[in-house]
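My notes follow the structure shown here.

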Amino acid sequence: MLKMFSRLISLLPYRTVLFLGRMLGPVYARVAGRQRKRALEQMIESLHISKEEAERIIDRLFVKLGQTFLEVMYMPSLTPAKAKQYITIENRHYLDAALKEDKGVVLLTAHIGNWEWLGAVLAMEGFPLTTVIKRQPNDQHTRILNEYRENAGIEVFARGSSELVGAAKALKKGKILGFLADQDAGTSGIALPFLGKLASTPMGPAVFAKRFKSPIVPAFIVRQPEGGHRVLLYEPFYYQDTGNEDRDIYELTLKMTQITEEVIRTYPDEWLWFQKRWNTKIENHEVPKSPPMAGEAI
């Protein structure tokens, strides 16, 4: 059923897809009452804004989510030519330079904007993008998303399986490994301040960067008012080895978290505020020992 719906959406002009997404967003907001309530509470607490302002931001967020959903359904029609037309990449030279070091690249991103199109456009532009995916609750959704990712040119690995080794080999071969690093990491994460409140934060990007001496390039995608998207690429940075591995992993993960925070504060109506980002109870704020390659990727 979802695949058939996607085929129908793919037949439409892109402007029509955006228009229908704007109509779908408010409907989704009414159906997802609990998520909207959680988003409001977390936004008010994190940004210290009024309920009225938070409601305005959340309403814009749901409109954009409606558009994102239909854009994902539109992906079978997203060709390299259309990607160039709808998506602008800023500071591409940062990613080009990082790849030339031939140590692989850890791509840091988050659930900001249409992150599926972020991966798709980078792959269509010829960047050797790989990702470790998290299975969706619905297996059909997982299969469809993976099919669309692979059709765009993304090499997909399944999290929690032997394919994680494949992801490490891909990085070692000089490819890009993309991480969504803004979700609750459970008991294996580092307790770090995130938008003013301690949260369990994935260490995966820092652990991979350390192991392979890979540069880290932050990459986010946000909507343009007139339609389409901007990909924001940031200057590469690196794991700094001071001899204290736990502290070094902590500091690198903190830096990545702060970059993500900055983007969220700049574009508050682009981030998934209803995520259970602070779900794990933080008992203390000690620096934990870093586990083997932990975390979730895009």
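I looked for cavities and found two of 30 Å³ or more. A cavity is a set of points on a 1 Å grid over the protein atoms alone where a 1.4 Å probe fits but cannot get out, and lining residues have an atom within 4 Å of a point. Points are joined across faces, edges and corners, and a volume is the space filled by probe spheres set on them.

The model is predicted: local features need pLDDT of at least 70 and side-chain atom pairs pLDDT 80 or more, while totals for chains, interfaces and linings use all residues. Residues are numbered from 1 along each chain, and side-chain values use heavy atoms, without hydrogens and water.

I noted about 50 Å³ of space in the largest cavity. Its lining includes Leu61, Lys64, Trp115, Arg223 and Asp269. Helix α4 (residues 51–73) gives the largest share, four residues; helices are DSSP runs (H or I, at least four residues), numbered from the N terminus.

I then took the second largest cavity, with about 40 Å³ of space. Among its lining residues are Leu108, Ala181, Pro202 and Met256. Helix α11 (residues 245–266) contributes the most, four residues.

On the surface I recorded a nonpolar patch of Phe5, Leu24, Val27, Tyr28, Val31 and Phe69, with about 510 Å² of accessible area together. Patch residues have over 30% relative accessible area and no salt bridge, with nonpolar side chains joined within 5 Å; a salt bridge is a Lys or Arg side-chain nitrogen within 4 Å of an Asp or Glu carboxyl oxygen. Areas come from the Shrake-Rupley method with a 1.4 Å probe. Helix α2 (residues 14–31) gives the most to the patch, four residues.

Technical notes
1 Å grid on protein atoms, 1.4 Å probe; cavity = no way out; pocket = protein on both sides within 12 Å on 5 of 7 lines; lining within 4 Å. Helix = DSSP H or I, 4+ residues; strand = E, 2+ residues; numbered from the N terminus. Patch = residues over 30% accessible without salt bridge, like charges linked within 9 Å, V, L, I, M, F, W, Y side chains within 5 Å.
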